[in-house]
Amino acid sequence: MRVLGVNAIFHDPSAALVVDGRIVAAAEEERFSRRKHGKRPVPWSAWELPDQAIAWCLREAGLKPEDIDVVGYSFDPSLCVDLSELGVCDPGDQVRVDYARRAPGFLAASMPGLDPAKVKFVPHHVAHAASAGLAAPYERSACLVLDGRGERASHLGGVYDGPRLEILAAQDLPHSLGLLYEDLTEHLGFLRSSDEYKVMALASYGKPRHLDDFRHLLRTTPEGGFVTEKVDWAGYAPRLNGASEGELTEAHADLACTVQQRLEEVLLELATWLYDRTGAKALTMAGGTALNCVANSVLARRGPFDHIWVQPAAGDAGTSLGAALHLSGTERNERPEPMTTAALGRGWSDDELAARLRQAALPFETPADLAEVVGEALAGDAIVAWYQGRAEYGPRALGHRSLLAHPGRRENLERLNDIKGREQFRPVAPLVLAERAADIFDGPLPSPYMLFVHDVAPAWRDRIPAVVHVDGTARIQTVDQADEPVLADLLRAFERRTGLPVLVNTSLNTAGRPMVDTPAEALELFGSAPVDLLVLGPHVVRRAGAFR
């Protein structure tokens, strides 16, 4: 059975393909269009489909539109009500709902040969839930979804048993943890529905001075939901427009810290409520709030579940995969195969990469031992643009489209943030060999998708200062030889030279741009940023030889 999933309604449009229960392809439209997050989440953009991502998914599987058995669209307009009845002000929402109703026709027009009757609406939070509960390696799991909003709710709590989801709780709007965090993001001068991760990073610099207030403003209910009261943000810190480091003050950091800590407390209460009603050993999570890796770590450390699995594309991009998994599971009455990698996007063969380098007239080498050559450069403090295999699905660079550097040089944090045009308060993340992670980092292991933060052992903080955040933590990615052999070999080559089984890893992009996806984009970044080495598959380009 061939199931295509589509997310188009809010932001991060994407497409995913599941064939006979196996995930074949998944990609975000931003990687094709080069528009960060694909589009802004405004009602009049809801008609825009991830046309390029859809077309690529079909090509990857050798399918035509008429070969698809069913298309899942991750929003169900029949569940919508006039948002004003729920106390939400969104004057254009009826436009969004109207576009959603017309989605079958839009998809048929975009995919000539597709019967619009094959398009099925999947409730937004059910799609989120399926992206986690049906992708995780557990037959039974509690499932927690939290985001800004779906059709009329902002939350789902339930349990998966086999392919079926039982919904136990849902929180109607206007109460929304995601929208609360978005409001704070905007108040601090960042871009809402985009820069929430910056607020999470800023929170580490503050103190939770207003926690008593926010325990009243944000509180859980006995039914497994929560209440979010209106917040007078300016009463806690002045509003900023287009924040820069010079404008951010202690008051802003304290406000961010307060909201972050209260969010963690509320998530813990919601998870405990689910555990009490399900007794499940595993918790699976999705929705934009599940990208808050600091909160995820609190759940892992203090929560009642033995295992926590978070969808790597937990934001709206993941709902295309969830819609496809949901329909695959319900139509076949069988659980899909678990998701074993986030490397579900585009890739190029070694020969294709070499051809692109020749076309660009760049001198390159193809060393017999790539890990030794690149490990030597990194040990000598080179910045390496690392491009390997298929692109990652989701917002994290996981060693396929990455910038790598020496973690023992404190100045490399500033150096990388300068290259990427980022705020200096933002951390970069470490890659670490899976078998060495427990010696250096305290937290949930393994952690292959960079969705938890770990305390760095005191003995290691001065050894790898570039990846240690101001609060002594790091958002790690563990690298297993069986899953990522090239990356694991590189880490070992670097350790032989430095004694450090860790590398700095940050996404391969510059300010305001999506992660590099194609070889041409990798070449563009190499030509415009002070990167010392470009590694395209097995091929190495040295700046010293390429630009004289």
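Residues are numbered from 1 along each chain as its sequence is written, and side-chain values use heavy atoms, with hydrogens and water left out. Because the model is predicted, local features need pLDDT of at least 70 and side-chain atom pairs count only at pLDDT 80 or more, whereas totals for chains, interfaces and linings use all residues.

**Helices H7 and H9**

Select residues 196-203 (H7) and 250-278 (H9). Helices (H or I, at least four residues) and strands (E, at least two) are DSSP runs, numbered from the N terminus. The two helices pack at an angle of about 105 degrees, and their axes lie 8 Å apart; axes are lines fitted to C-alpha atoms, for helices over the stretch in contact, and angles run from 0 to 180 degrees between N-to-C directions. H7 and H9 are therefore roughly perpendicular, a term for angles of 65 to 115 degrees. Val199, Met200, Leu202 and Ala203 of H7 meet His252, Ala253, Ala256, Cys257 and Gln260 of H9, contact meaning heavy atoms within 4.5 Å.

**Sheet S16-S17-S18**

Next, display the open sheet of three strands, ordered S16-S17-S18 with antiparallel pairing; two strands pair if DSSP finds at least two bridges between them. S16 (441-442) and S18 (473-474) stand at the edges with a single partner strand each, so one side of each has no neighbour in the sheet. S17 (residues 454-456) joins S18 over two bridges.

How many disulfides does a search of the whole structure find? It finds zero, a disulfide being a pair of cysteine sulfur atoms within 2.5 Å. For cysteine 143, the nearest cysteine sulfur belongs to cysteine 293, 19 Å away. Cysteine 143 is buried, at a relative accessible area of 0%; buried means under 20% relative accessible area (1.4 Å probe, protein chains only). For cysteine 257, the nearest cysteine sulfur is also that of cysteine 293, at 15 Å. Cysteine 257 counts as buried at 10% relative accessibility.

**Helix H13**

Finally, select residues 370-379, helix H13, in which eight of 10 residues are buried. Among them are Leu370, Val373, Val374 and Leu378. Just after H13, centre on aspartate 381, whose phi is positive at about 75 degrees.

Notes. Parallel < 35°, antiparallel > 145°, perpendicular 65-115°, else oblique. Buried < 20%, exposed > 50% of the residue type's maximum accessible area, 1.4 Å probe, protein only.
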